[in-house]
Amino acid sequence: MNRILLSSAIAVVAVIACAFALGGCHDGDGPRATAHQGRNDGPLAGRRVAILATEGFERSELLKPRAALDEAGAATAVVSPKSGSIRSWDSSDWGDAVAVDVALGTAKASDYDALLLPGGVINPDKLRLDPQAISFVRAFVDAGKPIAAICHGPWLLVEADLLRGRTATGWLSIRTDLKNAGAKVVDDAVVVDGNIITSRMPDDVEPFTDALIGLIENAPAATEIHQQTETPA
């Protein structure tokens, strides 16, 4: 009897550990369900936001916007070429990790209402060399969906050739890259040009996130876009 109780207790502990470590267990047959569902009564209830990131993302530029999106009711999913979890960069050293919710190889822009691109030097520098990541970013612009990139995150917009003729901002050291990519570069906390939002640094997270929430709230939902696409002419 004691052995049975002990085995049951071990099984329960294993399930709980998996849930805390990964935001839910995954059987390997496809992407896991979104870890953050958001409030049911928020202005973004029913909306879904993809967060494209990998190792070395700036901690505050992912976690703070995600918390605000959750509070507004959006469901958020971390999409990454890495599996399991990815480590943050916290100002000057490695920070805590977040669970990867959806593998980049299985993610579809059509499943989401907006895309968040956090910065950190390491994170976007890795992603801009990944063709799948660039295709994923470009698909949001092609669909007219909001994209928000902060700090070094606009590097991905440069690589996808999405800034030509647009006004944008970013971390000081990448502004020449933005200019060379055809953008009009300004030194503002947040810049909204059509469906693209850019910001300079972690200190700009609040207005950056407010701008993203506003764009999502006023844009058609992904489900509505699906219905319009599927309706015969």
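Let me start with a term. A residue counts as buried under 20% relative accessible area, as exposed over 50%, and as partly exposed in between. Aspartate 187 has a relative accessible area of 48%, so aspartate 187 is partly exposed. Keep that residue in mind; we will come back to it.

One caution before we go on. This is a predicted model.

Now the sheets. Strands of a sheet pair through backbone hydrogen bonds, either parallel or antiparallel. Take the sheet of 7 strands. It is open, its pairing is mixed, and its order is S6-S3-S1-S7-S8-S12-S11. Which strands stand at the edges? Strand S6, residues 102–103, and strand S11, residues 190–193. Each has a single partner strand, so one side of each is left without a neighbour in the sheet.

S7 and strand S8, residues 147–150, run parallel and are joined by 3 bridges. Leucine 115 stands opposite isoleucine 147 in S8.

Next, strand S12, residues 196–199. Threonine 198 sits there. Is threonine 198 buried or exposed? Its relative accessibility is 0%, so it counts as buried. Its side chain reaches the backbone nitrogen of threonine 169 at 3.0 Å. Look at what else surrounds threonine 198. Setting aside neighbours within four places in sequence, its contacts include Ala149, Pro154, Leu157, Val191 and Phe208.

On to the other sheet. This one is open too, with 3 strands in the order S2-S4-S5 and mixed pairing. Its edge strands are S2, residues 57–58, and S5, residues 93–99; each pairs on one side only. Strand S4, residues 85–90, pairs with S5 in the antiparallel sense over 5 bridges. For one of the positions, serine 85 has alanine 99 in S5 as its bridge partner.

Now salt bridges. How many does the structure hold? There are 9. I will show three of these.

First, aspartate 96 with arginine 59. Their closest N and O atoms are 2.8 Å apart. Aspartate 96 is in strand S5, while arginine 59 is in helix H2, residues 59–72. The two are 37 residues apart, so this pair links distant parts of the chain. Both partners are partly exposed: aspartate 96 has a relative accessible area of 39%, and arginine 59 has 28%.

Second, back to aspartate 187. Its side chain meets that of arginine 175 in a salt bridge, 3.1 Å from N to O. Arginine 175 lies in helix H6, residues 175–180, and aspartate 187 in the loop between strand S10 (184–185) and S11. So the pair ties together parts that are 12 residues apart in sequence. Arginine 175 has 17% relative accessibility, so arginine 175 counts as buried. Aspartate 187, remember, is partly exposed.

Third, aspartate 204 and arginine 200. Their side chains meet at 2.9 Å, N to O. Both residues are buried. And where do these last two pairs lead? Arg175, Asp187, Arg200 and Asp204 are linked in a network of salt bridges.

Last stop, the surface. Trp94, Val121 and Ile122 form a nonpolar patch there. Together they have about 240 Å² of accessible area. Valine 121 sits in the loop between strand S7 (114–117) and helix H3 (122–127). Its relative accessible area is 46%, so valine 121 is partly exposed.

That is the tour. Thank you.

Conventions. Residues are numbered from 1 along each chain as its sequence is written. This is a predicted model: local features need pLDDT of at least 70, side-chain atom pairs count only at pLDDT 80 or more; totals for chains, interfaces and linings use all residues. Side-chain values use heavy atoms; hydrogens and water are left out. Patches are made of residues with over 30% relative accessible area and no salt bridge: like charges are joined within 9 Å, nonpolar side chains (Val, Leu, Ile, Met, Phe, Trp, Tyr) within 5 Å. Accessible areas come from the Shrake-Rupley method with a 1.4 Å probe; for residues, only the protein chains shown count as cover. A salt bridge is a side-chain nitrogen of Lys or Arg within 4 Å of a carboxyl oxygen of Asp or Glu. Helices (H or I, at least four residues) and strands (E, at least two) are DSSP runs, numbered from the N terminus. Buried means under 20% relative accessible area, exposed over 50%, partly exposed in between (1.4 Å probe, protein chains only). Two strands pair if DSSP finds at least two bridges between them. A polar contact is a pair of N or O atoms within 3.5 Å; within protein, one must be able to donate a hydrogen and the other to accept it, and residues adjacent in sequence count only if both atoms are side-chain atoms. Contact means heavy atoms within 4.5 Å.
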